[in-house]
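Here's a quick briefing on how two protein chains meet. Have a look at the structure first, then read on.

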There are 2 protein chains.
Amino acid sequence: LIGLDWGTSSVRAMLVGAEGRVLAEKAQPWGITRLPEGGFPAAFAALAGEWRSALPGLPCLACGMVGSRQGWVEAPYCEAPAGADAIAAMLAEVPGAGLRIVPGVVQRGDRPDVMRGEETQVVGALGDAARGLAVLPGTHSKWVRVEAGRIAGFRTFMTGEVFATLRGHTILGAFAPETAAEDAAFARGVLAAHQSDEGLAGLLFSARALVLTDRLEPGGAIAFLSGLLIGDEIRTASTAFAEAGVVPVLIGEAALCDRYRLAFDLCGIAARVAPPGAAAAGLWRIARHAGLIAGGSV
Amino acid sequence: LIGLDWGTSSVRAMLVGAEGRVLAEKAQPWGITRLPEGGFPAAFAALAGEWRSALPGLPCLACGMVGSRQGWVEAPYCEAPAGADAIAAMLAEVPGAGLRIVPGVVQRGDRPDVMRGEETQVVGALGDAARGLAVLPGTHSKWVRVEAGRIAGFRTFMTGEVFATLRGHTILGAFAPETAAEDAAFARGVLAAHQSDEGLAGLLFSARALVLTDRLEPGGAIAFLSGLLIGDEIRTASTAFAEAGVVPVLIGEAALCDRYRLAFDLCGIAARVAPPGAAAAGLWRIARHAGLIAGGSV
């Protein structure tokens, strides 16, 4: 299988072997908003062309924003609760390209939400588990509850985007750059938010006030801010998502997952980090369900 | 009295008569970060020179960021609890300029906070009241509790700055401009945040998800976002600041105060809007306490 994890700002192509193992990998900054000349077809050819010539007949499957309305071909959302089988039944075909695209998942009702790409990582990281809780930190963090082996409910937190925006465009970012005090300040921020039921808008100013009153090193203010946001996410998400006996599984970039695991620890919650390769494993499982590849267990 | 309300982005000079009535007024965009050529002395001369020549001997008193470390002369903070008398005892003099500056107020302890300028508005709007709650909406909203006629405790919410930043620099601002659906969407946002104990980072994404699932008009998304932020501020601040029998008094720009009063209404709290002139009244009261002017009741 040739798998692509094609997001807003970058794309990763993977040659995927049995059980979802990654045999080779290429990455480009060709997210759907910054394609090279020639657009999607040219990017796809540059990424997968060589593998396709060498191994003719390999199925190609992509997940992520490439299936959004702004993507190559829109893959309409699969409705939650959604298992790998339901997702696999709704692949969208890119006409003439030899590529299929995994749909995102939509949650309807009073608290609607959407995902594109994360469903594949959850399917890959949680495998056959009947119950689970996946946490995918990032620009838009997702908390995803799995029940009866299906994505049952989820919620998006704009933690990463809010952090980057506040750091870049408010008085909170006017502090000195990070220093050695970083880790302690991060922990302080996590605990301040986790132990308080104050709103974020009030907590945020405390970062500045603590510095002005000499209770926080200016160099630690950014880490404190990061801690506040992650602590607030864990506090509020846990209320809705935590379940006795279910260990949250962190999926994503290693350094960010480690930061979240530390924050979970500080909040008294044991979380584990999923091994790398969740997207590849998810694409492989979905391709199996869709009958694109044979052999091995689903 | 010649009074100046001198902030970060603008300055207002007022000729203040008995009981704090504003007899004449001049405004310039000469906040402390954007002074005209000649700096503070030139700005002060351009604003107050004519009045000072016509009415020699009039005392001059300024409040706001002009007294910060980045201002003309630093006026060290007065410690809360702080009444008009304690504030008046700590005026800073600008050498040779014939101008005094009102100090800000600092709250120490585990939840430190600071204000500069708002203390004067609170003194002006609440007058002799022994107990009260002032809410000053804006870039950095302040909730200020008055006990025994003094500023006893307060908290800053970065509501306005967070709103402007999110609208300008995140996917939430990518929606269509405001439309007629605005007021209903604002109310929906207020209620969504007030009735939920979810964190802001989760609520924020709901603005986007509601649009994507056709449950919110794209044109109402910005008003919904504004409602979410103000509703979250009222929910979390009320927990700490609401007291039975104390009516919150809104101080500030009329349109913004009206928006907050509507939000308070939606949250089941009756608030009233202070008449204009809070800064002038506060400067007059502080000048009386400092013995700069005589006559009339303090």
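Across the interface of chain B and chain A, 12 residue pairs are in polar contact, both residues at pLDDT 80 or more. A polar contact is a pair of N or O atoms within 3.5 Å; within protein, one must be able to donate a hydrogen and the other to accept it, and residues adjacent in sequence count only if both atoms are side-chain atoms. Keep in mind that this is a predicted model, where local features need pLDDT of at least 70, side-chain atom pairs count only at pLDDT 80 or more, and totals for chains, interfaces and linings use all residues. Residues are numbered from 1 along each chain as its sequence is written, chains are lettered from A in the order in which they are written, and side-chain values use heavy atoms, with hydrogens and water left out.

**The side of chain B**
- H6(B) gives the largest share of the side that touches chain A, 10 residues (helices are DSSP runs of H or I, at least four residues, numbered from the N terminus).
- That side of chain B divides into 17 nonpolar, 12 polar and 11 charged residues; Asp, Glu, Lys and Arg count as charged, Ala, Val, Leu, Ile, Met, Phe, Trp, Tyr, Cys and Pro as nonpolar, and the others, Gly among them, as polar.

**Salt bridges**
- There are 6 salt bridges between chain B and chain A (a side-chain nitrogen of Lys or Arg within 4 Å of a carboxyl oxygen of Asp or Glu).
- In a salt bridge, B:Glu198 meets A:Arg111 through their side chains, at 2.6 Å, N to O.

**Confidence**
- Chain A has a mean pLDDT of 93, with 96% of its residues at 70 or more (pLDDT is the predictor's confidence in each residue, from 0 to 100).
- The model's scores are ipTM 0.86 and pTM 0.90.

Note on methods. Helix = DSSP H or I, 4+ residues; strand = E, 2+ residues; numbered from the N terminus.
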